[in-house]
Amino acid sequence: MTDAVTLAAHDVRWEADGRMIIDGVTLAAEPNRILGLIGPNGSGKSSLLRLLCRLRKVASGVVTLDGADIAGLPRRDLARRLAFVEQQATTDVHLTVCDVVRLGRTPHRSAFASWNAADEQAVEAALTRVGLAERHHQPWHTLSGGERQRVHIARALAQDPRELILDEPTNHLDIRHQLSILALIRRLGLTCIVALHDLNLASLFCDRIGVLHEGRLVACGAPAKVLTPELIRRVFEVEVRICEGTGGHRHVEYVVDHQQGDSR
Amino acid sequence: MTHAAVSPNWPARIALALAALVALTLAVALAVTVGEMAIPLPVALRALGNGLFGLDLPVGAIQQGVIFDYRLSRALMAALCGGALAISGAILQALLRNPLAEPYLLGVSAGASTGAVCVMILGFGGATLGLSGGAFLGSVAALALVALLAAGAGGSSDRVILAGVAGSQLFNAATATIVTTLASAEQARGVMFWLLGNFGGVRWPDLWVATPVALIGFLICMINAKALDAFAFGVDAAASLGIAVARVRLVLLATTALLTATMVAIVGTIGFVGLVIPHAARFLVGPGHARLLPACLVIGGIFMILADILSRILVPQQILPIGIVTALFGAPAFALILYRARRSS
Ligand SMILES: Nc1ncnc2c1ncn2[C@@H]1O[C@H](COP(=O)(O)OP(=O)(O)OP(=O)(O)O)[C@@H](O)[C@H]1O
Ligand SMILES: [Mg+2]
């Protein structure tokens, strides 16, 4: 099989309620690079990510990790390789920051194994990396949206993964925290697949971008190649101008005719 | 910064386990000595020595019988039952992510009452089946129905809860129909009494069944303690942490159901314990299941023994149904815990 390294989807399909949600998607992550997934609401980003993590079963096609079908991997082995940060995951259980991050060690511990130095070190390192080292004992329900997102990322890091999958990690964050989360993800140097809404952030932080439209991958490649006015018009139904931003990144400028209001 | 200890704190753990054991023993000792027939502690100890170790110490035959065959078996059964119900409640609350989940949610008690009524009033099974056998079969029938309903509806947490509610209503209606149309007033009273729970009929053979069931059930739950923690953020989060969600859910739902069905078959339906003790235990030891489940076992056991003592001595010449006592004293105690937790947070 091609793409024998890291995570790849080969002609993957998934349907729900008799509707095709993911319709023949083929894409591969590149090791230690960030692959961004963009697409309108309901285009299937979250669904595709869930298939890549084997949280749903593909109807046809295969998802491979280092060339092996992930359907054949024990769940626990998969969880040591690949971590997932959900779009919105919260809990009513009274957990502290530390409790949540410790959950990330679950796949590394057997049923009766006690908490050991390696576990503790992984948790400490993860919390430090997201800048929450001083917040160990803060209760989950008192955290802000951005802090929760960072705790989830720390939990994922405590899993010690090589592949990290994130579903809209910048959701609900102010611009400073959006930038800092994405900068953090870049610094990690892991193989990342991340669903994003902001085209400019995708252009700034992703090595490659995949564009989903009605369950199909309509483009995939370097931001400069993918982000064209034609594609954005076709997929998002908005008019844009593409300018050269700082550092050679593409900058997407939205064209709004204030006289006409809605451009459609 | 004070982080949790890196190395497992074995001395502290052993001390805690010993303390729990001592507390349980004291509760049992209290249950054995307190009652309508006042029996001094030395006599009680001698009776225990005779019963447990086959000694031949001087004790009156009646006292020997009351202490060993009646009160001790009853106290131990209360401890097992309280522990089993509390653990079942804690697990269902975690699996279904619902703080109101309790052991009878899956139709176990409704099915048991239908089964018991079938034996008591319709005379099914005659002497071979007995009340407990009928109740157990009823529980299993109700569970099977609820499981079918839940699986057919997709198996998500809220569907399981709804299926449990529907199944319980159906079996409760069946019980009510049989009682109202066929039972004499005397029989109806008997059914009512049974439904509210009663340790009066407990004898040693019941313990030979309940003890292994409770211990094996507890062990299975402990093996899955870490997996239960991972359910905090839902099934997808648990799965992405490497938990075999479907298998863990099936094993734990079946285990709690059988634990509960066994207890209900022997002592009837005792409310409150399975719902509230897990919350009380969480306030004391936190949400981690490796500590929560043993805490539930001990607290539930002690609570039930104390409730049983109260049920025997509260109204002279009469035994209150245990289910009334657990709620009557448990509710204010829990209100106090809630109040203190609010102030401390
Ligand atoms: N279990 C399901 N049953 C039925 N339809 C589903 C299911 N899961 C997803 N869908 C549908 O699939 C489509 C894609 O959903 P998905 O959540 O993957 O979109 P998305 O690209 O992540 O959207 P958003 O940007 O809003 O997060 C939606 O139309 C959704 O309604
Ligand atoms: Mg989504």
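Predicted model: local features only at pLDDT ≥ 70, side-chain atom pairs only at ≥ 80, totals over all residues.
**View 1. Chain B meets chain A.** Let's start where the two chains touch. On one side there are 24 residues of chain B, and they are in contact with 40 residues of chain A. Put together, the two chains bury about 2,500 Å² between them, and 63% of that area is on carbon and sulfur atoms. Who gives up the most area in chain B? Look for B:Lys226, B:Phe233 and B:Leu241, which together account for 30% of what that side buries.

View 2. Zoom in on B:Asp236 and A:Arg56: their side chains form a salt bridge, with 3.1 Å from N to O. How many salt bridges does the rule find across this interface? The count is 1. Now check which helices of chain B take part: H8 (204-223), H9 (225-229) and H10 (235-240) each supply at least two residues to the side that touches chain A. H10(B) gives the most, with 4 residues. Sorted by class, that side of chain B has 15 nonpolar, 4 polar and 5 charged residues.

**View 3. Two helices crossing in chain B.** Here you're looking at helix H3 (residues 61-95) and helix H12 (residues 273-285) of chain B, whose axes are 7 Å apart. They pack at an angle of about 75°, so H3(B) and H12(B) count as roughly perpendicular to each other. On the H3(B) side, the contact is made by B:Gly82, B:Leu85, B:Ala86, B:Gly89, B:Ala90 and B:Gln93. H12(B) answers with B:Val273, B:Gly274, B:Leu275, B:Ile277, B:Pro278, B:His279 and B:Arg282. By class, this contact has 7 nonpolar, 5 polar and 1 charged residues.

**View 4. Two helices side by side in chain A.** Are H5(A) and H6(A) roughly parallel or roughly perpendicular to each other? The axes of helix H5 (residues 145-158) and helix H6 (residues 175-188) of chain A cross at roughly 10°, and angles under 35 degrees count as roughly parallel, so roughly parallel is the answer for H5(A) and H6(A). Their axes come within 11 Å. To find the contact, pick out A:Gln149, A:Arg150, A:Ile153 and A:Leu157 in H5(A). They meet A:His177, A:Ile181, A:Leu184 and A:Leu188 in H6(A). By class, the contact has 5 nonpolar, 2 polar and 1 charged residues.

Notes: Residues numbered from 1 in each chain as written. Chains lettered and ligands numbered in written order. Heavy atoms only, no water. Axes fitted to C-alpha atoms, helices over the stretch in contact; angles between N-to-C directions. Parallel < 35°, antiparallel > 145°, perpendicular 65-115°, else oblique. Contact = heavy atoms within 4.5 Å. Nonpolar A, V, L, I, M, F, W, Y, C, P; charged D, E, K, R; others polar. Buried area = accessible area lost by both parts, 1.4 Å probe. Salt bridge = Lys/Arg side-chain N within 4 Å of Asp/Glu carboxyl O.
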